[in-house]
Amino acid sequence: MQKITIAIDGFSSTGKSTIAKQLANYLGYVYVDTGAMYRAVTFFAMQNGYIDKEFFDRDTLIASLPYIKLHFVFNAELGFGEMYLNDVNVEKEIRTIEVSGFVSRVAEVSEVRAKLVEQQQQMGKDKGIVMDGRDIGTVVFPDAELKIFMTASATTRAQRRYDELKAKGDNVSFDDVLKNVEERDYIDTHREDSPLVKADGAYEIDNSDLTREAQFDTVLDLISKVAAK
């Protein structure tokens, strides 16, 4: 089957990365978690004191972008590429609730988006790629053969995120996680540069009540339809 580009967009904690990893492994495609890239830039900003709850030095972050090196290194045991920031594995550090609290603000910065979109487009130039994020079908790969838009209720997504963080040993409350999910939704859908919207021609999947297996089968059916065209 001819290789295609699969673009998966949607709200936070809808399982975009989960389905993208499943598809990449099944199809033998490259998987790129663009959210990890934005999280890594956010972690860099936090490390250097460019952002906190009361302050965001956007100009200094923008000036520092040439010094931010991002790449993925495949981990055979995990089955996916881990995020490296300036040659340091930050996969664990970027998944915290603290980073989640700032990432949408950093992702609003047009210069950050331009830098990462350029890298993402380069990664997918040969097709055979599954990429998930917020603007993959609208900005990064508007001509992708398959576009998917994933959604679920805020409460369902918060519960998933809460369970994930608790399993990692993080001391968080459900109310804080729900607040973070709702705040990210608002910022992602209201930013001026590349707001989160359903791309033209995208298939919408509400997985509030879907199992991972049912969701995977649904997407495989979509791939078969696209490949048959």
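Biologist: What kind of model is it, and how are residues numbered?
Modeller: This is a predicted model, in which local features need pLDDT of at least 70 and side-chain atom pairs count only at pLDDT 80 or more, while totals for chains, interfaces and linings use all residues. Residues are numbered from 1 along each chain as its sequence is written, and side-chain values use heavy atoms, with hydrogens and water left out.

Biologist: Which UniProt annotation covers residues 6-224?
Modeller: The UniProt record, an unreviewed entry, has "domain: Cytidylate kinase" there. UniProt positions follow the numbering used here, feature names are shortened, and annotations may be inferred rather than shown by experiment.

Biologist: On to the sheet. In what order do the 5 strands come?
Modeller: The order is S2-S6-S1-S7-S8, in an open sheet with parallel pairing. Two strands pair if DSSP finds at least two bridges between them.

Biologist: Which strands stand at the edges?
Modeller: Strand S2 (30-33) and strand S8 (203-206) do; each has a single partner strand, so one side of each is left without a neighbour in the sheet. From one strand to the next, the twist averages 20°. The axes are lines fitted to C-alpha atoms, for helices over the stretch in contact, and angles run from 0 to 180 degrees between N-to-C directions.

Biologist: And S7, what does that strand pair with?
Modeller: S7 (residues 146-151) pairs with S1 (residues 5-10) in the parallel sense over 5 bridges, and 4 bridges join S7 to S8, also parallel. Ile148 of S7 stands opposite Ile8, while Met150 has Ile205 in S8 as its bridge partner.

Biologist: Is S7 buried or exposed?
Modeller: 6 of the 6 residues of S7 are buried, so this strand is largely enclosed by the rest of the structure. Buried means under 20% relative accessible area, exposed over 50%, and partly exposed in between (1.4 Å probe, protein chains only). Leu146, Ile148 and Met150 lie on one side of S7, with Lys147, Phe149 and Thr151 on the other, and both faces are covered.

Biologist: Now the nonpolar core. How many residues are in the largest one?
Modeller: It has 36 residues, and those with the most contacts inside it are Val41, Leu61, Ile68, Leu70, Met83 and Val112. A nonpolar core is a set of buried Ala, Val, Leu, Ile, Met, Phe, Trp, Tyr and Cys residues joined through side-chain atoms within 4.5 Å.

Biologist: Which element gives the most to this core?
Modeller: H2 does, with 8 residues. Elements that each supply at least two residues include helix H2 (34-47), strand S4 (80-85) and helix H5 (110-123).

Biologist: What does Ile68 touch?
Modeller: Not counting residues up to four places away in sequence, Ile68 touches Val41, Phe44, Leu61, Leu85, Asn86 and Lys115. Contact means heavy atoms within 4.5 Å.

Biologist: What about helix H4, how many of its residues are buried?
Modeller: 8 of the 11 are buried, so H4 is largely enclosed by the rest of the structure. Among them are Ile97, Phe102 and Val106. The buried residues of H4 pack against H2, H3, H5, helix H7 (154-167) and helix H8 (174-190).

Biologist: Where is Val90?
Modeller: Val90 is in the loop between strand S5 (88-89) and H4. Val90 is buried, with a relative accessible area of 4%, and touches Phe43, Met83 and Leu85, leaving out residues up to four places away in sequence.

Biologist: And Asn75, where does that residue sit and what does its side chain reach?
Modeller: Asn75 is in strand S3 (residues 70-75), and counts as buried at 19% relative accessibility. Its side chain reaches the backbone nitrogen of Glu77 at 2.9 Å, and a polar contact of 3.1 Å joins the side chains of Asn75 and Glu82. A polar contact is a pair of N or O atoms within 3.5 Å; within protein, one must be able to donate a hydrogen and the other to accept it, and residues adjacent in sequence count only if both atoms are side-chain atoms.
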